[in-house]
Amino acid sequence: MTSEKHGTFGRIGIWSSALHGSRTDDAGRGAIAEAVAELEEMKYGTLWIGGSPSVEDAAAVLGATRAVTVATGILSIWDHSAEDVAARVAAIDASARGRFVLVWASATARWCPSTRSPTARWSPTSTLSTRRHRRWTPGTGSSRRSVRGC
């Protein structure tokens, strides 16, 4: 992704893990394309693809829209290699015209099925391993609990 300033996210956006085109058949991808085109016509500012989408998922949404911002929300470093993500982002960056926002993060191994450490695939300077993250933990006395990133 270039260092250019991205357009506005708009006042209202939509987050949905149902926008994963890679997790469905051709008919499902067609329905996603129709839905995102309609959401764009309704003037949503950003379409957030949830549930650790691939860059291909974002590329499909970008291809079905003209002006809306498309963001991954959130691409997990446990599910995607840094090299693959970088190559795919570079491939769609020019055609996205500043509308694509890559959002990535780490999570604890408890929440990730991968057997390989993400730090084996992402450089230590690009991971969130030294930051503290907060996540909601159901059933605990507090609404948030600090956990260490991967």
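Student: Okay, which helix is Glu40 found in?

Tutor: Glu40 is in helix H1, which covers residues 26-41. Helices (H or I, at least four residues) and strands (E, at least two) are DSSP runs, numbered from the N terminus. This is a predicted model, in which local features need pLDDT of at least 70 and side-chain atom pairs count only at pLDDT 80 or more, while totals for chains, interfaces and linings use all residues. Residues are numbered from 1 along each chain as its sequence is written, and side-chain values use heavy atoms, with hydrogens and water left out.

Student: Is Glu40 buried or exposed?

Tutor: Glu40 is buried. Buried means under 20% relative accessible area, exposed over 50%, and partly exposed in between (1.4 Å probe, protein chains only).

Student: Then what does the side chain of Glu40 reach?

Tutor: The side chain of Glu40 reaches the backbone nitrogen of Ala67 at 2.4 Å. A polar atom of that side chain also lies 3.0 Å from the backbone nitrogen of Arg66.

Student: Which residues does Glu40 touch, not counting those up to four places away in sequence?

Tutor: Thr65, Arg66, Ala67 and Val68. Contact means heavy atoms within 4.5 Å.

Student: Zooming out, how many helices and strands are there in the chain?

Tutor: The chain has 3 helices and 8 strands. Along the sequence, the pattern is β-α-β-α-β-β-α-β-β-β-β.

Student: And what percentage of the residues is buried?

Tutor: Of the 150 residues in the chain, 39% are buried. Among contacts with a separation of 6 or more, 67% are between residues 24 or more positions apart.

Student: Which residues have the most contacts inside the largest nonpolar core?

Tutor: Val55, Val70 and Phe100, in a core of 19 residues. H1, strand S2 (46-50), helix H2 (55-63) and helix H3 (82-96) each give two or more residues to this core. A nonpolar core is a set of buried Ala, Val, Leu, Ile, Met, Phe, Trp, Tyr and Cys residues joined through side-chain atoms within 4.5 Å. In soluble globular proteins, nonpolar side chains tend to be buried together.

Student: Take Val70. What is Val70 in contact with?

Tutor: Leaving aside neighbours within four places in sequence, the contacts of Val70 include Leu47, Ile49, Ala58, Val61, Leu62 and Phe100. Arg99 is also one of the contacts of Val70.

Student: Back to charges. How many salt bridges does a search of the whole structure find?

Tutor: The search finds 3. In one of them, Asp26 and Arg29 meet with N to O at 2.5 Å. Asp26 and Arg29 are 3 residues apart in helix H1, so about one helical turn separates them. Asp26 is exposed at 61% relative accessibility, and Arg29 is partly exposed at 36%.

Student: What about Arg88, which residue does Arg88 form a salt bridge with at 2.3 Å?

Tutor: With Glu56. This pair links distant parts of the chain, with Arg88 in helix H3 and Glu56 in helix H2, 32 residues apart. Arg88 also meets Asp84 in a salt bridge, 4.0 Å from N to O. Salt bridges with shared partners join Glu56, Asp84 and Arg88 into one network.

Student: Last topic, the backbone. Which peptide bond is cis?

Tutor: The bond from Gly73 to Ile74 is cis, with omega near 15°. Ile74 lies in the loop between strand S3 (69-73) and strand S4 (75-76). Most residues other than glycine have a negative phi, and most peptide bonds are trans.

Student: What is the phi of Lys43 near?

Tutor: Near 70°, a positive value in a residue other than glycine. Lys43 is in the loop between H1 and S2, and is exposed, with a relative accessible area of 71%. Arg97 has a positive phi too, near 50°. Arg97 sits in the loop between H3 and strand S5 (100-101).

Notes
Lys, Arg positive; Asp, Glu negative; His and termini not counted. Salt bridge = Lys/Arg side-chain N within 4 Å of Asp/Glu carboxyl O. Polar contact = N/O pair within 3.5 Å; in protein donor to acceptor, adjacent residues only side chain to side chain.
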